[in-house]
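This report walks through one structure, from its core and its sheet to its ligand shell and a few points of backbone geometry. Please keep the sequence and the structure in view while reading.

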Amino acid sequence: MNNGVFNKRTILLAGLIMFFVGSAYAEKQQVLPAPNGIEIPIGYKNWRLIGITHRTDNKSLRVILGNSAAIKAVHSGKTNPWPNGVILAKLVWKDRQLDTWPAATVPGDFNHAEFMFKDSKKYPETGGWGYARWKGLDLIPYGKDASFVQECAYCHKAASKTDNAFTIPALLP
Ligand code: HEC
């Protein structure tokens with residue numbers, strides 16, 4: 001009798017474990033890694049806001065989100081340099097005017113998601129940051145081969161005074 005209950009519970013537990021492992025695996029498998037081997041961080045859509053930008057040159061809206069290490073760095077004012085372990089995410093949408101209020105610019109088509117991983121030991125050649133980008137809603141890895149990071153790091157040198165990151169955390173009350 002006791003054994004029977006134990007067995008049922010074991011089977012249920014094993015089933016649950018398989019379900020959770022399976023769904024974590026599925027989430028990981030859906031998006032291919034970037035050509036430099038960097039994987040898209042699981043759960044980045046739940047990260048917290050650091051900044052917002054609007055580019056008038058290429059008409060797009062962006063939000064910059066950070067993992068918990070980034071949020072901790074922002075709260076303690078330690079963002080120059082950003083500590084190792086910080087990941088900054090940038091999500092980009094094309095500008096769209098709101099039908100009901102055309103003066104309002106809102107997110108239109110999704111352009112890409114891109115990330116900077118701070119690790120001064122692992123990425124010394126690219127200013128201490130690992131770079132990766134995924135295009136469109138299907139999150140297709142960007143770059144023909146691992147050398148695409150040169151393009152990212154080169155342009156980000158314009159922000160060398162702020163640890164190669166452009167984002168200045170938005171003020172919050
Ligand atoms: C031609 C210049 C240029 C190139 C190339 C470039 N970036 Fe950026 N990046 C910027 C600018 C400017 C910002 C800040 C304004 C904004 O949000 O667009 C930025 C911001 C970011 C941010 C938010 C953190 C920060 O630095 O403010 C991430 C993450 C990022 N870029 C990743 C990448 C990745 C990955 C690549 C290469 C695949 C890349 N960038 C290539 C100019 C560039």
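Two residues are said to be in contact if their C-beta atoms, placed from the backbone, lie within 7 Å. In that sense A70 touches I50, V86, I87 and L88, where residues up to four places away in sequence are not counted.

The model is predicted, and local features therefore need pLDDT of at least 70, side-chain atom pairs count only at pLDDT 80 or more, and totals for chains, interfaces and linings use all residues. Residues are numbered from 1 along each chain as its sequence is written.

**Core**

A residue counts as buried if 20 or more other C-beta atoms lie within 10 Å of its own, as exposed if 12 or fewer do, and as partly exposed in between, with C-beta atoms placed from the backbone. A nonpolar core is a set of buried Ala, Val, Leu, Ile, Met, Phe, Trp, Tyr and Cys residues joined through C-beta atoms within 7 Å. The largest such core has 22 residues, and those with the most contacts inside it are A70, L88 and A89. Two or more residues of this core come from each of β2, α2 (68-75), β3, β4, β5 and α3. The elements named here are DSSP runs numbered from the N terminus, helices being H or I runs of at least four residues and strands being E runs of at least two.

**Sheet**

Strands of a sheet pair through backbone hydrogen bonds, either parallel or antiparallel. Two strands are taken as paired if DSSP finds at least two bridges between them. Here six strands form an open sheet in the order β1-β2-β3-β4-β5-β6, with antiparallel pairing. Because β1 and β6 stand at the edges, each with a single partner strand, one side of each is left without a neighbour in the sheet.

What joins β5 to β4? Seven bridges join these two antiparallel strands, and H112 stands opposite K135 in β5. Two bridges join β5 to the antiparallel strand β6 (residues 140-141), where K135 stands opposite I140 and W134 has P141 as its bridge partner. β5 and β6 form a hairpin with four residues between them, and G136 in the turn has a positive phi of about 70°. β5 is mostly covered, since five of its seven residues are buried.

A residue is near a molecule if its C-beta atom, placed from the backbone, lies within 6 Å of it. Of the 21 residues around the ligand, T53, C152, C155, F166 and T167 come nearest. The elements that give two or more residues to this shell are β1 (48-55), β2 (60-66), β3 (87-98), β4 (101-118), β5 (129-135) and α3 (149-156), and α3 gives the most, with four residues. By class, the shell has twelve nonpolar, three polar and six charged residues; Ala, Val, Leu, Ile, Met, Phe, Trp, Tyr, Cys and Pro count as nonpolar, Asp, Glu, Lys and Arg as charged, and the others, Gly among them, as polar.

**Backbone geometry**

| Residue | Phi | Place |

K59 counts as exposed because it has 12 C-beta neighbours inside 10 Å, whereas N164 is buried, with 21 other C-beta atoms within 10 Å. The peptide bond from N80 to P81 is cis, with omega near 5°, and P81 lies in the loop between α2 and β3.
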